[in-house]
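Me: I would like to go through this model term by term, setting each value beside the rule behind it. Please start with how the parts of one chain are placed.

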Amino acid sequence: MTLQWRIEDNIGWLAINQPPANTMSLEFFRDFQEAIQIVEHTDGLKALIIHANGRHFSSGANLDELLDHVDEEVMLQHYNAFLHLEQLGIPAISAIRGVCLGSAMELTLFCHFRICSNEAVFGFPETTYNLMPGIGGVQRFSKLVGKAKALELILHGNTFSAREAFEFGLIDAIVPKHELLTFAARFAKTLPLNITGTDRRICLQKYLNPLNAKINL
Amino acid sequence: MTHVPNISFEIINDIGIISLGNPPSNKLEQPEFIPLEQFHEWIQDESVKALIITGEGKNFSSGGNLKEIFHQTQDPERLAFGMNAGKELLEAINDLLIPSIAAINRVCFGGGLEIALACHIRVASENALLAFPEINSNLMPGLGGTIRLPEIIGLSQATRVILGGDIVNASDAKSMGLVDFLAQKDHAFEYAFSLARKMTIDRPVKVINAIMKSLKNAATLSPTEAMKDETRLFCMLAINEAERRKMEGE
């Protein structure tokens, strides 16, 4: 399986399991759709944490495979799977370390919260390949960080650091690498059921402040 | 190239540059400060990948010519015609499928701020000053400012800026989201130019156009429709790219 699923203390842990790069292949997207259905049908979950095995979150889609099978229907299925994640009715948190690029950025943009380690690196490299984000990245990113910043980063295509990402509001908290998953778990447990990320900033102020000591700014 | 009074246009490294030139204040004599047809002619040049609007000399623009506006009230139809023409021009700037950037040094008031709000990105120097002073003359912004400003900075801040008529300094403007990037004193143009280069260098126009279209959809279509169109645009680019690679035997 390209994904691993486990439950601990009513928190669901979904791990991308294609190390080292955790490339999001077509097989991954099919597995992801199934995984989200499993999450949906698991009773009593308080939150979902999406993370990755290995040093990196994910380098994004498999470009060669994608260009060999350009299919609008399939892309919309990917989008629907991400949308399904967003609409599960429980908070989804992505815990990101290492590289998080392209489609992986898009996946995190459908989560309600994004937590990363201090060495995480982000980017939309699509334009470097004469492409653009295609699974909601343009829509979600511009809503989250504003049109100007979205334009700059999507068109430029260069990577940016955890600190930059925090400053313009992509990332909700930065923690030391070895504390990423324990922080994510503790954060998930402080959230009540059924937060639908309508105002994640308010959620954060309310629920993250008591943990301020652990946020490495 | 056709001469437009008080305006200059040039293309440097694929970046179109419109300079408001009536220094020192760069006052706008007409709301339609560039004839719409002329604007389209300039921008339709295939090589233009981004547009910067800036002011000649020290300031961006102090806005419209009040005397001229009051003079035109003798002919209300003419006044309305001029305002509508100005609005159409700003709409055209906002509708561009290449990034438009306002590079704001020092004074950016009234009509000047309306132009800046019509751009996709606002870069201001740290000594920039922005305001809608219309209310001090018992007027209001008339080129879309009352609609664009709340979209950009929210209703409550926009109410304060428009009804207060007070001058907003660059750092306050940055923190309320009225400007997107702060540049060093008097260096808004340099910042805007390097930003424009960074965004467009090595990027085919059709990639830029597709992303701009998708960004626009985010503001104008329902999330579902916008999403479908993002996927459509992506697939269009992907098919092009796959073909290009085949041709080049990559």
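Reply: In chain B, the centres of domain 1 and domain 2, taken over C-alpha atoms, are separated by 28 Å. Domain 1 covers 7-200 and domain 2 covers 205-248; the bounds come from an automatic or database domain assignment. This is a predicted model, in which local features need pLDDT of at least 70 and side-chain atom pairs count only at pLDDT 80 or more, while totals for chains, interfaces and linings use all residues. Residues are numbered from 1 along each chain as its sequence is written, chains are lettered from A and ligands numbered from 1 in the order in which they are written, and side-chain values use heavy atoms, with hydrogens and water left out.

Me: How do you know that domain 1 and domain 2 of chain B are in contact, and how many residues does each give?

Reply: Contact means heavy atoms within 4.5 Å. By that rule, domain 1 of chain B gives nine residues and domain 2 of chain B gives six residues. The area buried between them is about 670 Å², with 72% from carbon and sulfur atoms; buried area is the accessible area (1.4 Å probe) that two parts lose on being put together, summed over both. B:Lys49, B:Asp95 and B:Leu97 supply 59% of what domain 1 of chain B buries there, more than any other three residues.

Me: Why is the pair B:Lys216 and B:Asp95 called a salt bridge?

Reply: The term requires a side-chain nitrogen of Lys or Arg within 4 Å of a carboxyl oxygen of Asp or Glu. The closest N and O atoms of B:Lys216 and B:Asp95 are 3.1 Å apart, so the pair qualifies. The side of domain 1 of chain B that touches domain 2 of chain B divides into four nonpolar, two polar and three charged residues. For that division, Ala, Val, Leu, Ile, Met, Phe, Trp, Tyr, Cys and Pro count as nonpolar, Asp, Glu, Lys and Arg as charged, and the others, Gly among them, as polar.

Me: Which salt bridge links distant parts of chain B?

Reply: One is B:Arg148 with B:Glu91, whose closest N and O atoms are 3.0 Å apart. B:Arg148 is in helix H5 (residues 145-153) of chain B and B:Glu91 in helix H3 (residues 76-95) of chain B, 57 residues apart. Helices (H or I, at least four residues) and strands (E, at least two) are DSSP runs, numbered from the N terminus. Over all chains, the whole structure has 17 salt bridges.

Me: What makes up the interface of chain A and chain B?

Reply: There, 36 residues of chain A are in contact with 36 residues of chain B. About 3300 Å² is buried, 70% of it from carbon and sulfur atoms. A:Asn130, A:Met132 and A:Leu155 supply 22% of the area that chain A buries against chain B, more than any other three residues. Two salt bridges cross this interface. A:Asp64 and B:Arg245 meet at 3.6 Å, N to O, which is inside the 4 Å limit, so the pair counts as a salt bridge.

Me: Where are the cis peptide bonds that join two prolines?

Reply: In chain A, A:Pro19 and A:Pro20 are joined by a cis peptide bond with omega about 5 degrees. A:Pro20 lies in the loop between strand S2 (11-16) and helix H1 (26-40) of chain A. In chain B, B:Pro23 and B:Pro24 are joined by a cis peptide bond, with omega about 5 degrees. B:Pro24 is in the loop between S2 and helix H1 (36-43) of chain B.

Me: How do you know that strand S1 and strand S2 of chain B pair?

Reply: Two strands pair if DSSP finds at least two bridges between them. Six bridges join strand S1 (residues 7-12) to strand S2 (residues 15-20) of chain B, so they pair, and they run antiparallel. B:Ser8 stands opposite B:Ser19 in S2(B). S1(B) and S2(B) form a hairpin with two residues between them, and B:Asn13 in the turn has a positive phi of about 50 degrees.
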